[in-house]
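Please work through each task with the structure open before reading its solution.

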Amino acid sequence: MPQFDRALVLSGGNVKGAYQAGAVKALLNHTFPDGSRFEPNAIYGVSVGSMNGGFLADRAGAAVRAGNAPNWAEIGNELEAFWRDNITSFASIGKKRGTLELVGDVLFGNFDGLTTMNGAADLARANIKPENLRASTAYYACGVTNMATGDYFDADVDTFGDNILDYVIASTREPVAMPLMWVNDMPLADGGIRNIAPLKPAIKRGARKMAVIAMKPDQMTPDYARQNFRNILKLLKRTIGTLTSEIMNNDLDEVKKVNRACRAPGDQLLAHGKHVIEFIEIRPEERLPIDVTDFTANDIQNLITMGENEARTALEAGWQTGAD
């Protein structure tokens, strides 16, 4: 299995991906004290992180196909501009289904999501090309869940070829809220329901520096809980989000444990292929202020700005190990 030592891990979060786009821009434009910049050679994403990650890998591949080395700082700028210019309201990515339509679908066993997401699918197909992913200097994989079996898997262009866009789109589909994506008779959905931030694939493939950009805070404020958790759909989403966030937190805790062990005198982990992984974790301190089915261009710009600012704060602290 090829090894990739500089991993960018992008979590899910629906249109909160605008925050992620701002954070990516800050990350890829940041110069560390030793004069280096972070240039990923692997990108792993779930849900909207699959869309953002696919965009980044696509632009890197397009540069290679044009005979140029990828300019990662400029690619980060392009991702921010993509969000600002294309995702300006819910109508730009999807459509809410009408009440009568939903009632009929439920009664007759034809339910296929509370919304349609044709606009988001069109944006993915217009901006991510299999030939660019093949040429990219950054390996790219999107996380998908097979709803029939419950299995999570990572999809890449080497495995699925020109059909990779079906899996990217499937990765963005939140069950219940959005239609499932049927691919080769498999009902596929958001990998984030099993793995909100795919750290393990990055670790397995040899990451030594890992930038993780998540879009959920560690915890909700009591005021938000009081106002929203009597809504059954919001409570259900929070329940799923709590379980998947725990997976991410546990994975990061495991990285810290290995880092501490690798630095202990006389430890044998290094001899068994273990190594220190330096990481940067960027995530909001509080719940991001946006309604995912009712937002404006200003809301998107505000999230972009928040992502940039909070990423800069995390980047000032430099690479971490959790081993201190």
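Rings of Phe, Tyr and Trp (its six-membered ring) count as a pair if their centres lie within 6.5 Å. The model examined here is predicted.

**Exercise 1.** Determine how many aromatic pairs the whole structure holds, and which residues ring pairs link into a cluster.

*Solution.* Applying the cut-off for ring centres, a search of the whole structure gives eight aromatic pairs. Next, follow the links from ring to ring: Phe-4, Tyr-44 and Tyr-139 are joined by ring pairs into a cluster. Finally, look for charges over rings: Tyr-139 has the charged end of Arg-205 over its ring, 4.4 Å from the centre, while Arg-59 lies over the face of Phe-55 at 3.9 Å from the ring centre.

**Exercise 2.** Describe the largest nonpolar core, and find what Ile-93 touches.

*Solution.* Begin with the largest core, which has 67 residues, and in which Leu-8, Ile-43, Leu-56, Trp-83 and Ile-93 have the most contacts. Its largest share, eight residues, is supplied by helix H1 (residues 17-29). A second, separate core has 15 residues, including Val-9, Ala-141, Ala-202 and Ile-277. Then take Ile-93 and set aside its neighbours within four places in sequence: its contacts include Val-15, Ile-87, Met-117, Leu-123 and Phe-295.

**Exercise 3.** Explain why helix H8 (residues 164-171) is described as largely enclosed by the rest of the structure.

*Solution.* First apply the criterion for burial, under 20% relative accessible area. The residues of H8 that are buried are Ile-164, Leu-165, Asp-166, Tyr-167, Val-168, Ile-169, Ala-170 and Ser-171. Because eight of the eight residues of H8 are buried, the helix is largely enclosed by the rest of the structure.

Technical notes
Residues numbered from 1 in each chain as written. Predicted model: local features only at pLDDT ≥ 70, side-chain atom pairs only at ≥ 80, totals over all residues. Heavy atoms only, no water. Core = buried A, V, L, I, M, F, W, Y, C linked by side-chain atoms within 4.5 Å. Buried < 20%, exposed > 50% of the residue type's maximum accessible area, 1.4 Å probe, protein only. Helix = DSSP H or I, 4+ residues; strand = E, 2+ residues; numbered from the N terminus. Contact = heavy atoms within 4.5 Å. Phe/Tyr/Trp six-rings, centres within 6.5 Å; stacked < 30°, edge-to-face > 60°. Lys NZ or Arg CZ within 6 Å of the ring centre and 35° of its normal.
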